[in-house]
Amino acid sequence: MTLVPVRIPSGGDHFSSSYLQLYDACPRKWFNRYYRPKDEDEEERTGLDTHETPLPFITGSLFHEGLETYYRSGCKKGKDTGKYDVVKAMARVDKIKDEMPWYSDETKDQEVALVKKMLGQYAMEQCQDFPEIQVKCDSTGDPIIERQFAHKIGYSDHIFTCIPDMIIEHNGFLKVMEHKTSSPSFAAGRVRSIGMDAQITGELWTIMQEFPGDPIDGVMINVIKKGHKTGRMVIRDTAKRTEIQMERWRLATIDSLKRLDDAIDRFETFRDTGMEIEPAADIAFPLLGIRTNTCYAYFKECEFMDLCKAPPDRIPTLLNLFKKREAR
Ligand code: SF4
């Protein structure tokens with residue numbers, strides 16, 4: 001077993017799956033999210049964020065934090081003991097709830113209560129998993145939970161990064177485990193979607209490059225139904241990829257990076273000639289979402305819809321609806 005801690009700073013030439021997926025879905029959305037300057041004179045290319053974070057994101061982050069504490073609590077001296085502490089997980093939720101950007105106190109109270117109830121239900125149901133499923137610890141005894149992995153993709157200095165929720169041992173094989181929260185009606189669809197999911201392929205590829213000798217056997221997706229009432233709260237499946245599929249993913253990733261590098265070059269060249277932001281963006285970062293009618297994200301309209309529909313002279317005013325994106 002060669003698993004060792006890998007800690008790599010983000011930023012620079014590092015990129016994640018969602019970063020490129022956004023560019024492939026709609027170049028303009030990528031430009032708005034990661035590159036658009038807030039005004040004509042701004043040198044920085046920080047991109048834009050909405051002032052409000054979608055509620056499912058906030059609730060999902062809180063649940064993830066609780067689950068991380070839950071699984072960590074069972075790991076002692078480099079071994080998963082199966083004795084997880086759900087009270088500790090709930091205490092973690094209470095500790096960080098005030099750091100979240102809630103819309104109102106009422107929303108906060110409702111969602112925190114829901115997250116704690118979910119953690120309690122999860123603990124009841126999941127206690128049947130041990131010892132079949134165990135959290136893997138590295139050679140220093142640290143559980144491999146929320147750890148960043150990174151590997152050069154093979155084009156320029158670009159480094160693909162991913163942060164799997166955790167690495168588990170399942171019936172003697174190593175797997176990545178990813179937790180997703182979902183409404184009960186979408187849960188089965190989320191599990192089915194892993195067959196095509198590029199994030200899953202990227203995670204497997206990265207981890208296999210990092211640990212070529214270890215028996216990594218796919219990504220288990222752990223979908224937890226939010227607000228479920230009857231039956232099982234958790235549904236799971238394991239996605240596997242062949243070497244050919246992973247190589248195809250790597251080459252497609254390089255193609256996307258090259259197109260993105262070209263688009264940035266084109267935008268900057270037009271800007272250097274004195275062209276304003278909007279026409280330069282129109283040429284370099286087309287509005288593919290509108291063309292393919294997929295201007296949606298997270299089951300709601302794309303946050304940049306008003307910008308895309310507006311005439312150029314309205315855009316400076318509409319930009320007030322956004323703040324500069326902070327590096328994460
Ligand atoms: S509204 Fe549509 S075209 Fe505009 S950025 Fe969003 S997805 Fe792209």
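## Exercises on a predicted model

By class, eight nonpolar, two polar and two charged residues make up the shell around the ligand. The model is predicted.

**Exercise 1. Which residues surround the ligand, and which elements give two or more of them?**

Step 1. List the shell. The ligand is surrounded by Cys26, Arg28, Lys29, Asn32, Leu287, Gly289, Ile290, Cys295, Cys302, Phe304, Met305 and Cys308.

Step 2. Assign the elements. Helix H2 (27-35), helix H10 (288-292) and helix H11 (305-309) each give two or more residues to this shell.

Step 3. Find the largest share. H2 supplies it, with three residues.

**Exercise 2. What is the order of the strands in the open sheet, and which strands stand at the edges?**

Step 1. Start with S5 and S8. Strand S5 (residues 133-135) and strand S8 (residues 166-170) run antiparallel, joined by three bridges. Isoleucine 133 stands opposite histidine 170 in S8.

Step 2. Go on to S9. Five bridges join S8 to strand S9 (residues 173-182), and these two run antiparallel. Methionine 166 faces methionine 177 in S9. S8 and S9 form a hairpin with two residues between them. In the turn, asparagine 171 has a positive phi of about 50°.

Step 3. S9 and strand S10 (residues 216-225) run parallel, with eight bridges between them. Leucine 174 has isoleucine 216 in S10 as its bridge partner.

Step 4. Read the whole order. The five strands run S5-S8-S9-S10-S11, with mixed pairing. S5 and strand S11 (234-239) are at the edges with a single partner strand each, so one side of each has no neighbour in the sheet. On average, neighbouring strands are turned by 35° against each other, direction ignored.

**Exercise 3. Are helices H7 and H8 roughly parallel or roughly perpendicular to each other?**

Step 1. Take the angle. The axes of helix H7 (residues 198-210) and helix H8 (residues 243-272) cross at roughly 105° and come within 10 Å.

Step 2. Apply the cut-off. Angles of 65 to 115 degrees count as roughly perpendicular. H7 and H8 are therefore roughly perpendicular.

Step 3. Name the contact. H7 brings Ala198, Thr201, Gly202, Leu204 and Trp205, while H8 brings Gln245, Met246, Trp249 and Arg250. By class, this contact has five nonpolar, three polar and one charged residues.

**Exercise 4. How many Å separate the centres of domain 1 and domain 2?**

Step 1. Domain 1 covers 14-52 + 248-324, and domain 2 covers 54-129.

Step 2. Take the centres over C-alpha atoms. They are separated by 34 Å.

Key
Residues numbered from 1 in each chain as written. Predicted model: local features only at pLDDT ≥ 70, side-chain atom pairs only at ≥ 80, totals over all residues. Near = placed C-beta within 6 Å. Helix = DSSP H or I, 4+ residues; strand = E, 2+ residues; numbered from the N terminus. Nonpolar A, V, L, I, M, F, W, Y, C, P; charged D, E, K, R; others polar. Domains from an automatic or database assignment. Axes fitted to C-alpha atoms, helices over the stretch in contact; angles between N-to-C directions. Parallel < 35°, antiparallel > 145°, perpendicular 65-115°, else oblique. Contact = placed C-beta atoms within 7 Å. Pairing = 2+ DSSP bridges.
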